[in-house]
Amino acid sequence: MTSTWVEPSNTATALLLLGRGSDPDTERGVECPGDLPAPSDPDLVARATAAKAKLGSKVFVLGHHYQRDEVIQFADVTGDSFKLAREAAARPDAEYIVFCGVHFMAESADILTTDSQRVILPDLAAGCSMADMAVLGQVEAAWDTLTELGIAGDTVPVTYMNSSADIKGFVGRNGGVVCTSSNAKRALDWAFEQGSKVLFLPDQHLGRNTAVLEMGLSLDDCVLYDPHKPGGGLTPEQLRDAKMILWRGHCSVHGRFTLESVKDVRERVPGVNVLVHPECRHEVVTASDHVGSTEYIIKTIEAAPAGSAWALGTELNLVRRLALAHPDKQIMFLDKAVCYCSTMNRIDLPHLVWALEELVAGRVVNQITVDADTAHHARVALDQMLALPGADTPPPTAS
């Protein structure tokens, strides 16, 4: 049987889907024409509620800010990745930690919690494209290059929290430190006290923005190491002269925002405040009014005056949640083409219900474990972060 494709009629919807038209009502804001459909099973909410109630204090559900609302409603705590891992560590009596986030976050929770606790990721396919851009073999090969050039001894590795346990372990073994988007400057200040260079993993934008905008380094002090090219695509002289060796990695969501996005929203919305995450490109950050971590973005919106307009350069689920929580303010997504973090959104209500009901039945599914050696060295790098000046009180020590 054969079929013939028929050109859609020239309706507004058809033209929009074909990329030949526009819809000004959905091109700026927090609504998406491809919104996620409601769960097909209308009983899922009731099932999740019942399963969580049966488990009681044995289960502790963590929800990252970028999660869907259908999942967030069952979270005992919401926050960014490190805050959630520490919240898990602060509850040693919780036998099961259900982490509604992505893989590297669940790994961090496993590192910080006790051996008797089990960390569960409802969908193992919930990864992080940024974390996946730096794999251990690539980083070890880069370190070998620096060693051959005689500069590894002067280089301190710093990895963003958004990295795998393997990379955190590598950093811990080599005298480095983990950082978050809110303490990156403190981590880099410490690193430059230990050596003359930093290898910053895996997000080039956070490293560049922190070094140039907060520490006074120049763009010329930064080089971009591409693990897919011999020598990172850099000459020995470039590596020797550089102060910041940035890994060629980025966030697939925050990397979407462009300088044109900022210019466009300023033309469309007079007096708008542009607030972006430091994972955005350097030219986007420098053109914005405010830049800060996820928690900074939330607090800034909470403190903003009624009637103010805000274009946010971060993940759509969070932007929508903030818009709904603050109807007295005009809150919109920075880019025209709204999008979710596709891997975060793999944690949906069906997967959460499945994980909880399996626990009720006595079956542990999708447990995330980090081997003892990797966990030890990753913990060294995490503890070094917690020892930075101005750092918060360390989490409980896992056994």
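User: In this predicted model, which residue meets the side chain of Glu358 in a salt bridge?
Analyst: The model is predicted, and in it the side chain of Glu358 takes part in a salt bridge with an N to O distance of 2.8 Å. Side chains of opposite charge can pair when their charged atoms come close. The partner that meets Glu358 here is Arg363.

User: Is Glu358 buried or exposed?
Analyst: A residue counts as buried under 20% relative accessible area and as partly exposed between that value and 50%. Arg363, the salt-bridge partner of Glu358, is partly exposed because its relative accessibility is 44%. Glu358 has a relative accessibility of 16%, so Glu358 counts as buried.

User: What is the N to O distance in the salt bridge between Arg379 and Asp383, and where do the two residues lie?
Analyst: Arg379 and Asp383 are four residues apart, about one turn of the helix, and both lie in helix H17, which covers residues 372–386. Arg379 counts as buried because its relative accessibility is 13%, whereas Asp383 counts as partly exposed because its relative accessibility is 33%. Their side chains meet in a salt bridge with an N to O distance of 3.0 Å.

User: Which helix holds both Asp189 and Lys185?
Analyst: The side chains of Asp189 and Lys185 meet in a salt bridge, at 2.8 Å from N to O. Asp189 is partly exposed because its relative accessible area is 28%, and Lys185 is partly exposed because its relative accessibility is 31%. The two residues are four apart, about one turn of the helix, and the element that holds both, residues 184–194, is helix H9.

User: How many salt bridges does the structure hold?
Analyst: Among them are the pair Glu358 and Arg363, the pair Arg379 and Asp383, and the pair Asp189 and Lys185. For the structure, the number of salt bridges is 13.

User: Which helix gives the largest share of the negative patch?
Analyst: The negative surface patch is formed by Glu140, Asp144, Glu148, Asp166 and Asp371. One of these residues, Asp144, counts as partly exposed because its relative accessibility is 42%. Asp144 lies in helix H7, and the largest share of the patch, three residues, comes from that helix, residues 136–148, namely H7.

User: How many of the residues of strand E5 are buried?
Analyst: Strand E5 covers residues 155–160 and is mostly covered. Thr155, Pro157 and Thr159 point one way from E5, while Val156, Val158 and Tyr160 point the other way, and all are buried. The number of buried residues in E5 is therefore six of six, under the cut-off of 20% relative accessible area.

User: Which residue of strand E7 stands opposite Thr159?
Analyst: E5 pairs with strand E6, residues 177–179, in the parallel sense over three bridges, and there Val158 stands opposite Val177. E5 also pairs with strand E7, residues 197–201, in the parallel sense over five bridges. In E7, the residue opposite Thr159 is Leu201.

User: What is the bridge partner of Val59 in strand E3?
Analyst: Strand E1, residues 59–64, is mostly covered, with six of its six residues buried; Val59, Val61 and Gly63 lie on one side, and Phe60, Leu62 and His64 on the other. E1 runs parallel to strand E2, residues 77–79, and three bridges join the two, with Gly79 as the bridge partner of His64. E1 also runs parallel to strand E3, residues 96–100, to which five bridges join it, and in E3 the bridge partner of Val59 is Tyr96.

User: Which strands are the edge strands of the open sheet of four strands?
Analyst: The sheet has the order E11-E10-E12-E13, with parallel pairing. Each edge strand pairs on one side only, and these strands are E11 (290–291) and E13.

User: Which residue of E13 is the bridge partner of Leu312?
Analyst: Strand E12, residues 309–313, runs parallel to E13, and four bridges join the two strands. In E13, the bridge partner of Leu312 is Phe333.

User: What distance separates the C-alpha atoms of Lys336 and Val265?
Analyst: Lys336 is found in the loop between strand E13 (330–333) and helix H16 (349–360), and Lys336 is partly exposed because its relative accessible area is 36%. Lys336 and Val265 are 71 residues apart along the chain, and the separation of their C-alpha atoms is 8.9 Å.

Key
Residues are numbered from 1 along each chain as its sequence is written. This is a predicted model: local features need pLDDT of at least 70, side-chain atom pairs count only at pLDDT 80 or more; totals for chains, interfaces and linings use all residues. Side-chain values use heavy atoms; hydrogens and water are left out. Patches are made of residues with over 30% relative accessible area and no salt bridge: like charges are joined within 9 Å, nonpolar side chains (Val, Leu, Ile, Met, Phe, Trp, Tyr) within 5 Å. Accessible areas come from the Shrake-Rupley method with a 1.4 Å probe; for residues, only the protein chains shown count as cover. A salt bridge is a side-chain nitrogen of Lys or Arg within 4 Å of a carboxyl oxygen of Asp or Glu. Lys and Arg count as positive and Asp and Glu as negative; His and the chain ends are not counted. The place of a charge is taken as NZ of Lys, CZ of Arg, CG of Asp or CD of Glu. Buried means under 20% relative accessible area, exposed over 50%, partly exposed in between (1.4 Å probe, protein chains only). Two strands pair if DSSP finds at least two bridges between them.
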